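Hi there,

Here is the structure I promised to pass on to you.

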Amino acid sequence: MAISEKLQAARIVSLPNDAYYIPNFITEEEEDQLLRKISHAPLPRWTQLSHRRLQTWPSSLTKTNTLLSAALPPWLTYPVIEPKFTELGIFAESPHAAPNHVLINEYRPGQGIMPHEDGPAYYPLVATVSLGAPIVLDIYDKELESAVEDGDARERVDRAQVRYRILQEPRSLLVTRGEMYTGYLHGIAEKVADEDLGPETICNWDLLGVRDGFARGSYERATRTSLTYRDVLKVAKMGNTLKFLGGKK
Ligand SMILES: O=C(O)CCC(=O)C(=O)O
């Protein structure tokens, strides 16, 4: 099954191929339920990074970018993957025809993520469900990559030109794939407010669920959590795991 007409209608037309934005992808009850499950995860599930904290489900990838085969927990599967992703045909063309990996990032006001690309471990498609509060995702040209790698990375990033800005409302879905996935970097600025919001600066402005809510042109950040669903290309089945870890089959 290819992507559905509903997803086609959600395409952000001012962006390269392809990005899709659907407001109110999940209900408030579904958002509450996800936030509850995330907050009830045992503390060791969290990796505290310097500018955000992170949960990785079902597990981190190995050094060779391999996922040890394990099912995602039901609360990350229902209702987001089944039935919602499947109805939209989001992962219909990916190797496992479904996501097998989820990163959960939590950003407090002032926190963010440096411009980066998601890399070759994954099929080039990421589906992001946002919870809790809005945030702006910045899209950078890839030339920034070498600038980030050498010298004073943070200063260079601050000076770098953002090419596109995508506003992600709580409960929304953002899908990026293809050229949008491989040809650009993405990041979230470490700010306590997102400003200069309007039809000229936000490329999904016409697709927002509550455009009026941003009519003042800015908002103070609050804690925002994202679920990024991906399909890891290399999966080691349990039968092969011993061999994989260096043992005998
Ligand atoms: O939180 C987000 O929306 C972006 C997360 C991200 O860039 C990543 O997980 O690679």
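Predicted model: local features only at pLDDT ≥ 70, side-chain atom pairs only at ≥ 80, totals over all residues.

**Around the ligand**

Let's start with Ser 226, which has a polar side-chain atom 2.7 Å from an oxygen atom of the ligand. Arg 230 also puts a polar side-chain atom 3.1 Å from a ligand oxygen, and for Asn 105 the distance from a side-chain N or O atom to an oxygen of the ligand is 3.3 Å. (A polar contact here is a pair of N or O atoms within 3.5 Å.) On its own the ligand has 300 Å² of accessible area, and the protein covers 95% of that; such areas come from the Shrake-Rupley method with a 1.4 Å probe.

Residues are numbered from 1 along each chain as its sequence is written, and side-chain values use heavy atoms, with hydrogens and water left out.

**The overall picture**

The protein has eight helices and 15 strands. These are DSSP runs, numbered from the N terminus: H or I of at least four residues for helices, E of at least two for strands. Of the 249 residues, 50% are buried, meaning under 20% relative accessible area (1.4 Å probe, protein chains only).

**The cores**

The largest nonpolar core holds 31 residues, and Phe 25, Phe 85 and Ile 90 are among those with the most contacts inside it. A nonpolar core is a set of buried Ala, Val, Leu, Ile, Met, Phe, Trp, Tyr and Cys residues joined through side-chain atoms within 4.5 Å. Helix 2 (28-40), helix 4 (80-88) and strand 14 (224-230) are among the elements that each supply at least two of its residues. Apart from this core lies another, of 24 residues, including Leu 15 and Tyr 107.

What does Ile 90 touch, leaving aside neighbours within four places in sequence? Its contacts (heavy atoms within 4.5 Å) are Leu 7, Phe 85, Leu 125, Ala 127, Leu 173 and Val 175.

**Helix 4**

Val 80, Ile 81, Lys 84, Phe 85 and Leu 88 are the buried residues of helix 4. Seen down the helix axis they fall within an arc of 115° (taken from the directions from the axis to the C-beta atoms), so they line one face. Just after helix 4 comes Gly 89, with a positive phi of about 70°.

Cheers!

Note on methods: Polar contact = N/O pair within 3.5 Å; in protein donor to acceptor, adjacent residues only side chain to side chain.
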